[in-house]
Amino acid sequence: VPLAVRWRSRSLAGLLALFVYVAYYVSARFGEMLYDEGLLPPFFAAHLANLLFAIVGLVLLRRVTRVGS
């Protein structure tokens with residue numbers, strides 16, 4: 001179930017989408033900054049946003065499947 005389906009208002013769904021986009025962009029730039037400072041290897045720095053959002057997605061998916069059972 002998409003998160004935006006919980007709200008009937010299109011503006012709230014749009015704000016949620018904007019928030020997710022900004023959070024992804026910020027986490028990608030954060031990974032780049034960690035690489036520039038020499039704190040992360042290039043592979044992990046480049047995929048930091050993907051890894052974070054994959055973890056969040058899996059947690060949310062697990063939560064939905066528990067509630068549905």
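**Close-up views of a predicted model**

**View 1. Two aromatic pairs turn up when the whole structure is searched.** Rings of Phe, Tyr and Trp (its six-membered ring) pair if their centres lie within 6.5 Å; planes under 30 degrees apart count as stacked, over 60 as edge-to-face and the rest as tilted. Tyr 24 and Phe 53 make an edge-to-face pair, because their ring centres are 5.3 Å apart and their planes sit at 75°. This pair ties together distant parts of the chain, with Tyr 24 in helix 1 and Phe 53 in helix 3, 29 residues apart. Tyr 24 is partly exposed, at a relative accessible area of 34%, and Phe 53 is partly exposed too, at 30%. (Buried means under 20% relative accessible area, exposed over 50%, partly exposed in between, with a 1.4 Å probe and protein chains only.)

A quick word on the model: it is predicted, so local features need pLDDT of at least 70 and side-chain atom pairs count only at pLDDT 80 or more, while totals for chains, interfaces and linings use all residues. Residues are numbered from 1 along each chain as its sequence is written, and side-chain values use heavy atoms, leaving out hydrogens and water.

**View 2. Phe 43 and Phe 44 form an edge-to-face aromatic pair.** Their rings are 5.5 Å centre to centre, with 80° between the planes. Phe 43 is exposed, with a relative accessible area of 54%, whereas Phe 44 counts as partly exposed at 43%.

**View 3. Helix 1 covers residues 10-36.** Helices here are DSSP runs (H or I, at least four residues), numbered from the N terminus. Helix 1 has 27 residues and reaches 39 Å from first C-alpha to last, close to the 39 Å expected; that expected span is 1.5 Å times one less than the number of residues. Its buried residues are Leu 16, Ser 27, Gly 31 and Leu 34. Just after the helix, look for Gly 38, which takes a positive phi of about 80°. Leu 18 also has its place in helix 1, and is partly exposed at a relative accessible area of 47%.

View 4. pLDDT is the predictor's confidence in each residue, from 0 to 100. The chain's mean pLDDT is 87, and 86% of its residues reach 70 or more.

How values were computed. Helix = DSSP H or I, 4+ residues; strand = E, 2+ residues; numbered from the N terminus.
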